[in-house]
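Trainee: I have a model open and would like to go through its architecture with you. Could we take it one question at a time?

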Amino acid sequence: MNLFAFDAAQARAEARDFVERMRKARTRMQHASQAQIGATPKELVYREGKVALYRYGMHAARSRARAGKAKPAARQPPPLLIVYALVNRPYMMDLQEDRSLIRGLLAQGLDVYLIDWGYPDRGDRFTGLADYILGYVDRCVAHICAARGVRAIDVLGVCQGGTFSLCYTALRPKRVRRLLTMVTPVDFHTPDNLLSKWARTVDVDLIVETFGNVPGEVLNAAFLALMPFRLMHQKYVDLADLAADPRALENFMRMEKWIFDSPDQAGAAFREFVGAFYQRNALIADTLEIAGERVRLRTLRQPILNVYGLRDHLVPPSASRALAGLTGSGDYQELAFDTGHIGMYVSGRTQRELPARIGEWLRGR
Amino acid sequence: MKQTEAATDLADEAFAAFAETLSQLARDVPGADFEAQLAQLRRILVEGAQLREQAFAGLIGAWRELADLGTSFAAPIAAFHAGDAEGARELEKQATELRHACDALGALLAPLPAEAFAAFATTARARIAERRPFESVKAVYDAWIESSEAAYSRLAHSEAFASAQSRLNQASLRLRAAQLALIEGGARQLGLPTRADVDELHRQIHELRNEIVTLRGKPASARKRVPRRRR
């Protein structure tokens, strides 16, 4: 039997067609690269240096108030603060109208805040984990509590931001009412975690001494090297299939912009994060200290919802699921989606289901 | 968006070349001899190592350029800071180590196309057994990518790979450190602020910033009173 169901002429025709479609795709990408990012109006409510705290959906609340339909204070939902990772920009949570977790959460009637870490520069070289977790996060939470007249808020930590949120909740438990973690690494030494395997061999002190802040491009190169054939080759060959669909091209370009829009990492925080989590697996070893305070997951008593992707290659499910049984929460629940790390933010199914499941989970407690 | 443009150019050329290769194959080895087709394909994909070149040659090449740049960098710096012969020797030593580290990683990656092809052949034989020949060049390409990724993943998870990659990283960092040391030495001689000086200032600013935040967080009564100056 023939291995190919095509002959030489058909193969050549396919090549010509491919080149033509790629030509069209490239021309149209010029327009697509101008595609707007961010779908939901937001308001800056607190700023400290490069760190900004945004509140979403304020204009809708004001419209309701103008129409005399404002919710009484008692019926207002408790604030939900999204703590995103340092390694990418948080606009992934609100990429576009039909790909916006934030929009979905607002539709659930939630009051959504988000911390934008900004782009660290040389002046942030000595900003460490304590500054991020016990400094910026704590002061953002304090601001929200004061502004909303509440003692504690709900926290949704995403990826590395989820690890931060676990630490914060363990250290400042009275400030967090309920905790949600999404694609969050907890056990950094599971056998399927390639990134962690590599990170364990890294001389993190030498990196920070040499670079100061760690360039975003360096991290990007490491992420791409996890699946080089798919991420550096096949993804761009597949672009030909999008040539006739301007909307799909815009989506592609938004994703490209996000993937390569990688802030530099503050040197001290990078050193501490890689050392404590990737190399010493300190959450699992129960040896983590931040600014001299012990972080013990078993002190967590809050209800916890742990969301992860079954095909996540950056944070394998095993790394996230390790949280089960480590906390002192009597109300721990997991929610798995059959998707990858990025799919968790943008796939159709998560867009449809995740905000509703989060809303349902919060309303049930 | 430069990365995207460069990547699409590469994808365009590579896929067209891949299709051309398959069109020759379909012409030269027509008919029912599937094993002959596979053997031919092996010769093209593995010995030609087209995708290996595209996926890794650029990467290894970039590291090599860094090593070469490190050495060429040495001459003007050494001239600028003539007293530091030891620093210049260290730079040369690290550049050489970087080249060796590139070779070591390159040697580890060399069998990858053959291993990828073994996985591809298994897929191809399974398709023949199921009477599902490849319907298009794209289908062959996708299967080749999947096989390459599987072979790479096995290698990337190995201790040998982690060790070779670590050596390469260390070498490039030490080369950079040697460059910085030379520049710092030269700057000090000329009385210019060095990177270390700037870092120290940033460290002090960071500490002061934290002290201000702490003071702001305390009630006014707890703040240390600063006596007012009399006019």
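Trainee: In what order do the eight strands of the open sheet in chain A run?

Mentor: Happy to start there; this is a predicted model, where local features need pLDDT of at least 70, side-chain atom pairs count only at pLDDT 80 or more, and totals for chains, interfaces and linings use all residues. Residues are numbered from 1 along each chain as its sequence is written, with chains lettered from A and ligands numbered from 1 in the order in which they are written. Strands (E, at least two residues) and helices (H or I, at least four) are DSSP runs numbered from the N terminus, and two strands pair if DSSP finds at least two bridges between them. The pairing in this open sheet is mixed, and the order is β1-β2-β6-β3-β7-β8-β11-β12.

Trainee: Which strands stand at the edges, and why is one side of each left without a neighbour in the sheet?

Mentor: Each edge strand has a single partner strand, so one side of it has no neighbour in the sheet. The strands in question are β1 and β12 (332–337) of chain A.

Trainee: What is the sense of pairing between β1(A) and β2(A), parallel or antiparallel?

Mentor: Strand β1 covers residues 42–48 and β2 residues 51–56. Leu44(A) has Tyr54(A) as its bridge partner, and in the two-residue stretch between the strands of this hairpin Gly49(A) takes a positive phi near 60 degrees. Over six bridges, the two strands are antiparallel.

Trainee: And how many bridges join β7(A) to β8(A)?

Mentor: Strand β7 (residues 153–158) and strand β8 (residues 176–182) run parallel. Within this pair, Gly157(A) stands opposite Thr181(A). The number of bridges is six.

Trainee: At about what angle to β7(A) does helix α5 of chain A run?

Mentor: That helix, residues 160–171, lies across β3 (79–83), β7 and β8 of chain A. Axes are lines fitted to C-alpha atoms, for helices over the stretch in contact, and angles run from 0 to 180 degrees between N-to-C directions. Relative to β7(A), the angle is about 145 degrees.

Trainee: How many residues does the largest nonpolar core have?

Mentor: A nonpolar core is a set of buried Ala, Val, Leu, Ile, Met, Phe, Trp, Tyr and Cys residues joined through C-beta atoms within 7 Å. Buried residues have 20 or more other C-beta atoms within 10 Å of their own, exposed ones 12 or fewer, and partly exposed ones fall in between, with C-beta atoms placed from the backbone. Leu81(A) and Val112(A) are among the residues with the most contacts inside this core, whose size is 90 residues.

Trainee: Which helix of chain B supplies the largest share of the side that touches chain A?

Mentor: Chain B has eight helices and zero strands. In all, 54 residues of chain B are in contact with 44 residues of chain A. The largest share on the chain B side, 16 residues, comes from α1(B).

Trainee: How far does helix α6 of chain B reach?

Mentor: This helix spans residues 137–156, 20 residues, and Trp144(B) is one of its buried residues. The expected span is 1.5 Å times one less than the number of residues, here 28 Å. From first C-alpha to last, α6(B) is close to that value, at 28 Å.

Notes: Two residues are in contact if their C-beta atoms, placed from the backbone, lie within 7 Å.
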